[in-house]
Amino acid sequence: MPLAAPALVSKTPSAEGDRMAVVVGDGEPARHAARFLTETSWRVERLSTVLEDAAEQLLRDASAVIVDATAAPEPVQATIEHLQRVCPEAATILLPAADTPRPQFPGLGSGRPRIVPVPVERESLLTSLEAEIGYRGLLRENRILRHQLRAATRLEDWVGCSDEAARIRSAIVTTAFSDGPVLVVGEPGSGRRLAAELIHRLGRQSSLPFLALQAASLATGLGPILARLRRGGREFGTDAPGSRPGSLYLSGAEHLRPRDQAALEDALRRPPPFRLIVSATPDLRARVRSGTFSSALLNRFEASSIRIPPLRERREDIPALLLHFLQLASETSGEPPFGISGKAVEECGGYDWPGNTAELRMWVERAVATARVSRFSGSVLPENLCAPPDGGPTPTPGTGSRPLKEVIAGIEKRLIERALKRTGGNQKRAARFLQMNPTTLHEKMKRHGLLRRAGGSPESQGAGGRRSEPG
């Protein structure tokens, strides 16, 4: 059943008194334009040039910008391009001199300004301005709709065929079409960030950036960050200068300090101009009972929360996730798709995966990388892809009974030996083949006893005088 698109909300303010126009220029057309707008309840600000120190904040807040080009200090093309970078959604009106050819603004596409002839007439200016505001609003709504439709077709990113997976997908869609804060509860690695990204992609502000922060790494505190994001998020790496994020994802809310919890609760009393998505572990309620987390703050998220069960509680999703991660890893490595044996799938289904889907993906990527580097013979991933759970089958002799460090050292030694064999003993080519620094390869060869003595016998001493472990 196709997803119904949410109602689109135009950015155009409902009351004319709320709208601000910035008039750029000192000529007579600029003075007339400012007077006409003031008479019709527009709030008008004046700038001599868009490059003034105080210009950027004014332009970001403007609903319309009128540029007097009759005596502009900067080239008109450069001025309009600057406006497109700073306030791309503001309606732009250009007042060119009557005796100059009208500029074409190549490369601006739909961002070209609307031309109003000089001398400026009141009705001509106001009619052109309302038409440009309506046109920019339609462009914005069209862009949002495209983002929403594209996001709606990407819900398959949440892979799984279990009832829990279907419930999570349904919760993501329902939550995305609301406006309030969201709490995503789940163990680390269970897909909390993916759920947050899908909520953002389906939401009304999907055309704006998605910003992710970790609660445990907030050195300066959450309050100043939220205050700066309200003003504009340029310092946080958002797409456009001065733009705010469409969604702020704060992971690990259980690590918030009391002052940060208070700052977050205060921010929720005055809804921020972006979507707030918070994730936490299932022990958040226990922290409330122990007094380390605010019950009032948790209650603010209760209306809209999503629980993501750990992978061990939705084992039916494991085969689909295996095939999904296998395809992604093969595409990333540039190798033909690998197969996977039924035994490996069965062992994966019996393992508890304490790291959840993140651990499963890591195992698949490691197996594909191993097959790529060592040019695996055959098309089946290693049978011992997963360690068996407690009480499961006995580990394969020669691997599970040895220390992990020793097993890894043996694998590393065999990979280096094969690389040297393929390159005829050329260390530089072998290092390039293994994608490592030649100096690093030399040290590893020394550690594994692969360097040749002058007499031709392998060196028996590893790094630091220790005897190398057998592979």
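Of the contacts in the chain between residues at least 6 apart in sequence, what percentage join residues at least 24 apart? The figure is 70%.

## The chain as a whole

The chain has 471 residues, and 41% of them count as buried. Its secondary structure consists of 16 helices and 10 strands.

The accessible surface of the chain is about 24500 Å². Carbon and sulfur atoms account for 53% of that surface.

## Confidence in the prediction

Across the chain the mean pLDDT is 77, with 76% of residues at 70 or more. Confidence is highest in strand 6, residues 182–186, where the mean is 94. It is lowest in helix 4, residues 122–152, where the mean is 78.

The pLDDT is below 50 over residues 1–17, a stretch that has 29 contacts in the model beyond near neighbours in sequence. Residues 453–471 also have a pLDDT under 50, and the model gives them 32 contacts beyond four places in sequence. Where pLDDT is low, predicted coordinates should not be read in detail.

## Helix 7 and helix 8

Helix 7 spans residues 222–231 and helix 8 spans residues 258–269. Their axes come within 8 Å and cross at roughly 30°. Because angles under 35 degrees count as roughly parallel, helix 7 is roughly parallel to helix 8.

On the side of helix 7, the contact is made by Leu222, Gly223, Leu226 and Arg230. Helix 8 contributes Asp260, Ala263, Leu264 and Ala267. By residue class, this contact between helix 7 and helix 8 has 5 nonpolar, 1 polar and 2 charged residues.

## Helix 15 and helix 16

Gln427, Ala430, Ala431 and Leu434 of helix 15 take part in the contact, together with Pro438, Leu441, His442 and Met445 of helix 16. The residues of this contact divide into 6 nonpolar, 2 polar and no charged.

## Residues linked across the sequence

Valine 159 is located in the loop between helix 4 and helix 5, the latter comprising residues 163–176. Its relative accessibility is 15%, so valine 159 counts as buried. Apart from residues up to four places away in sequence, valine 159 touches Arg169, Ala320, Leu321 and His324. Valine 159 and leucine 322 are 163 residues apart in sequence, yet their C-alpha atoms are 9.8 Å apart in space.

Glutamate 197 lies in helix 6, residues 192–202. With a relative accessible area of 21%, glutamate 197 is partly exposed. Tyrosine 249 is 52 residues from glutamate 197 in sequence, and the C-alpha to C-alpha distance between the two is 8.5 Å.

Threonine 79 belongs to helix 3, residues 76–86. Threonine 79 has a relative accessibility of 6% and therefore counts as buried. Beyond its neighbours within four places in sequence, threonine 79 is in contact with Val50, Val67 and Glu74.

## Backbone features in loops

Which form does the peptide bond from valine 118 to proline 119 take, cis or trans? The bond is cis, with omega near 5°. Proline 119 is placed in the loop between strand 5, residues 114–115, and helix 4.

Serine 41 is not a glycine, yet its phi is positive, at about 75°. This serine 41 sits in the loop between helix 1, residues 28–39, and strand 2, residues 43–47. Serine 41 counts as partly exposed, at 48% relative accessibility. Tryptophan 353, also a residue other than glycine, has a positive phi near 50°. The loop that holds tryptophan 353 runs between helix 12, residues 342–350, and helix 13, residues 356–373. Tryptophan 353 is buried, and its relative accessible area is 0%.

Key
Residues are numbered from 1 along each chain as its sequence is written. This is a predicted model: local features need pLDDT of at least 70, side-chain atom pairs count only at pLDDT 80 or more; totals for chains, interfaces and linings use all residues. Side-chain values use heavy atoms; hydrogens and water are left out. pLDDT is the predictor's confidence in each residue, from 0 to 100. Helices (H or I, at least four residues) and strands (E, at least two) are DSSP runs, numbered from the N terminus. Contact means heavy atoms within 4.5 Å. Buried means under 20% relative accessible area, exposed over 50%, partly exposed in between (1.4 Å probe, protein chains only). Accessible areas come from the Shrake-Rupley method with a 1.4 Å probe; for residues, only the protein chains shown count as cover. Axes are lines fitted to C-alpha atoms, for helices over the stretch in contact, and angles run from 0 to 180 degrees between N-to-C directions. Angles under 35 degrees count as roughly parallel, over 145 as roughly antiparallel, 65 to 115 as roughly perpendicular and the rest as oblique. Ala, Val, Leu, Ile, Met, Phe, Trp, Tyr, Cys and Pro count as nonpolar, Asp, Glu, Lys and Arg as charged, and the others, Gly among them, as polar.
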